[in-house]
Amino acid sequence: MTSQTTIDTTGSGDRADKVPSDPVPAAGLRGHPWLTLITVAVGVMMVALDGTIVAIANPAIQKDLGATFAQVQWITNGYFLALAVSLITAGKLGDRFGHRQTFLIGVTGFATASGAIGLSHSIAAVVTFRVCQGLFGALLMPAALGLLRATFPAEKLNMAIGIWGMVIGASTAGGPILGGVLVEHVNWQSVFFINVPVGLIALVLGVLILRDHRAENAPRSFDLLGIALLSGAMFCLVWALIKAPSWGWGDGRTWGFIAASVLLFAVFSFWETRVAEPLIPLGLFRSVPLSAGVVLMVLMAIAFMGGLFFVTFYLQNVHGMSPIDAGLHLLPLTGMMIVGSPLAGAAITKLGPRIPLAGGMVATAVAMYGMSTLETDTGSGVMSLWFALLGLGLAPVMVGATEVIVGNAPMELSGVAGGLQQAAMQIGGSLGTAVLGAVMASKVDSDLPANWADAGLPKLSPTQLDQASEAVQVGVAPVAKGTPEVIVAKITSVAHDTFISGMSLASLVAAGVAAVAVLVALLTKRGENADAGMGAGHI
């Protein structure tokens, strides 16, 4: 297939009309390429930041609202799931009604939901509004990429997408530090309140600067059954992973939900080949590099998001750091991602994505293995080394994933491909928290009774053991009021040692996932659409 061939985007077998090439030059503020980039960057920054800023706030939220370990997981999982399930649909909405409109609605809804979380007084309300955040955030991400594609000339589009990817990477990495400052000096609610003024800025800029762009051949209908099937499949999978520690991995309910998830994914795939306007055109996945890029994003996010979830509890509850100190200890991770992003971009431009992406995942695997060796008394220097290596490893993937996925898709499907990239990251983040959380819970449940008995502590009833296990899973010593200091010291030692054993196993699993991602990265290559001025590539 030549670069001038048009691709069927509907799945009906008909050829789509050719997408226009370069956008109309902007006059004044409205539609100005670089001002458009700044505007969408503010909105995207807010969504990406919220993916990790809450990690530092989780211990404070848990303590203030009396949340269980599973409920704290849902603060993260609810957000990631809503984003992941909605991104492709949101991209379709942008194509149908215009990316400017969906971006402005997304900004307004995201800021409003953030304010509502700050005003919440129950964990149920927090989780509910986090889901709302994810739904509105999903409107922002594909709209931002769609606006960039429609605004920038072909020869400058890759630069704009690179900056866009750097904003996401820097925001994702900077979340823990900003979260630490806000939690320590204000409160956990401020982590969400900060989105209100940022959202207002993005809204004002959007109204003044963004130009309305409508995609040719906009969808006339929406794949409602496909949306329902994909949403159900993801819910069943993550629910099974979260409940497995309490139900047991051999329990029929656990495998029932996993089986339901597999069945729904299979039905979804079959339906997508039959519907006139599919949620995800499966022809995209005929491209091995594109498919590898999507899988790579999932694996990277599992290792990164899942590992980061426990690091915050390790720093605060085991080492006794304040939220801001915990954020500062993650500065090597943040700094190396910010410094490494432009270096990775230059390397990918010169060498292509395969070597930088594979090298980045090797560094990530080594860093996660190093984190599995952390102990209760590990010094800041050793921690910083592993955190810095992790940031250096993640940078090429954050920057290069958009080029690999979007560049190997036809130009007509770049919006869908961009949605796939973000959906893959959100699905991976949700799965990482769930999978590694299940590993942690299982290890703690297995080790705690023996460790407790070996320390000569009074025997616990099954109910007390369950309560102690939930506390230990987040690094908290289950000490009752009035407990003698000698006993407090023993309980604390048992709790921290047991937590460390669980975190070590979870980190080893994350390292294994990253090692698999190295092999996947070797399947990637630069797509024809990564070159300025090229038309649709092969699928």
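At 17% relative accessibility, Asp-447 is classed as buried (under 20% relative accessible area; exposed is over 50% and partly exposed lies in between, with a 1.4 Å probe and protein chains only). Its partner in a salt bridge is Lys-443, with the closest N and O atoms 3.3 Å apart; the term denotes a side-chain nitrogen of Lys or Arg within 4 Å of a carboxyl oxygen of Asp or Glu. Lys-443 counts as partly exposed at 26% relative accessibility. Helices here are DSSP runs (H or I, at least four residues), numbered from the N terminus.

## Basis of the model

The model is predicted: local features need pLDDT of at least 70, side-chain atom pairs count only at pLDDT 80 or more, and totals for chains, interfaces and linings use all residues. Residues are numbered from 1 along each chain as its sequence is written, and side-chain values use heavy atoms, leaving out hydrogens and water.

## Other salt bridges

The structure holds 3 salt bridges. One of them joins the side chains of Asp-50 and Arg-130 (3.2 Å, N to O). Asp-50 lies in helix H1 and Arg-130 in helix H4 (residues 123-151), so this pair ties together parts 80 residues apart in sequence. Both Asp-50 and Arg-130 are buried.

Arg-253 and Asp-251 also meet through their side chains in a salt bridge (3.1 Å, N to O). Arg-253 is partly exposed, its relative accessible area being 46%.

## Thr-52 in helix H1

Thr-52 belongs to helix H1 (residues 33-65) and is buried, at 0% relative accessibility. Its C-alpha atom is separated by 8.3 Å from that of Leu-308, 256 residues apart along the chain.

Methods
Helix = DSSP H or I, 4+ residues; strand = E, 2+ residues; numbered from the N terminus.
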